[in-house]
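Visitor: I would like to learn how to read strand pairing and nonpolar cores in a model like this one. Could you take me through them in turn?

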Amino acid sequence: MKVPARATAALSRSKGLCCEKSKAETKQKVTKMIIDLQNVSYRKNGKTILDGINWQVEAGEHWIILGLNGSGKTTLLNLINGYIFPAFGGSANVLGYQFGNCPIADLRKHIGWISNSLSQNIPVNETPLDIILSGKFASIGLWDEVSEEDIAKAEGVMEKLGIAKLRERTYGSLSQGEKQKVIIGRALISDPEIIIFDEACNGLDIFAKKDLYGIIEKLAQEQKSIFFVTHNTDEILPIFNKALLIKEGKIHSKGDLKEVIQQENLQDFYGSDVDVFERDDRFFLFAR
């Protein structure tokens, strides 16, 4: 059940105050820190999926999260969104929400998550307008009442993304690129502070990818923090300034993009001989 952040009467008053205090302290003591993970680990069915993750992100930074399939990328995203919690005493604070001390449900309304797995769970008979409106409530399906203001905002998002003409179409009738834009619109409706693109290029043709890259570059100009999760270095756009490489549930390396995306570091990361070429601030990786 979702609990509004102000509904402290339904919760322990001390927890509510702790949450507000945590958010205030985050703003005062850690200037513009939006993610602070300290020694975070996570296990599932006896298997360690994340192991001792330490990662800090400041507002306005744009991060590439690079890792092979099964490396723990999606689990890390689930944790950032509050769907899972750290184990073994690890500490997680996202946008001022201290995990374990605050109701986390509202956190997801401040994070826009664009992923193929989400796309696959949307009913094919839903309209793009309703799908975008559902993003306000971080729900699959539109179950809450919306206002005229909400509808106008959703229509504005559709105009911004160039999909106003799709307003009354069904989701199942859209192309993959059109579906992607609807999912992006769903993420943008709540004006999130963090936007996550989770392997968002999968299934897109070269023209849809170009459109996606253009959207990301425009969003980067709006002072939002963007995370782009991929296993392909050629998808790294010039707007990204930080990189996190995750391997077998552990952080392999992190920091300034051009220091991390180096041939020697990537050879160690992949455990294989690779060549890295940079052209027009883009990176291209080739296996030897």
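Guide: Two strands count as paired if DSSP finds at least two bridges between them. In this predicted model, strand β1 (residues 33-44) and strand β4 (residues 91-94) meet that condition, pairing in the antiparallel sense over 4 bridges. I35 has V94 in β4 as its bridge partner.

Visitor: In what order do the strands of this open sheet lie, and which are the edge strands?

Guide: As a general idea, the strands of a sheet pair through backbone hydrogen bonds, in either a parallel or an antiparallel arrangement. Here 4 strands form an open sheet in the order β2-β1-β4-β5, with antiparallel pairing. The edge strands, β2 (47-58) and β5 (97-98), each pair on one side only. Helix α2 (residues 73-80) lies across β1, β2 and β4, and runs at about 60° to β2.

Visitor: Which residues touch the most other members of the largest nonpolar core?

Guide: In soluble globular proteins, nonpolar side chains tend to be buried together. In this chain of 288 residues, 49% are buried, and the largest nonpolar core has 52 residues, among which F197, I261 and L266 touch the most other members. Helix α7 (residues 206-220) contributes the largest share of this core, 7 residues. Beyond its neighbours within four places in sequence, F197 is in contact with residues including L212, I216 and L219, and also with I114 and I184.

Visitor: Which residues does the second, separate core include?

Guide: That core has 32 residues, among them W55, C102, I111 and I196.

Technical notes. Residues numbered from 1 in each chain as written. Predicted model: local features only at pLDDT ≥ 70, side-chain atom pairs only at ≥ 80, totals over all residues. Heavy atoms only, no water. Helix = DSSP H or I, 4+ residues; strand = E, 2+ residues; numbered from the N terminus. Contact = heavy atoms within 4.5 Å. Axes fitted to C-alpha atoms, helices over the stretch in contact; angles between N-to-C directions. Buried < 20%, exposed > 50% of the residue type's maximum accessible area, 1.4 Å probe, protein only. Core = buried A, V, L, I, M, F, W, Y, C linked by side-chain atoms within 4.5 Å.
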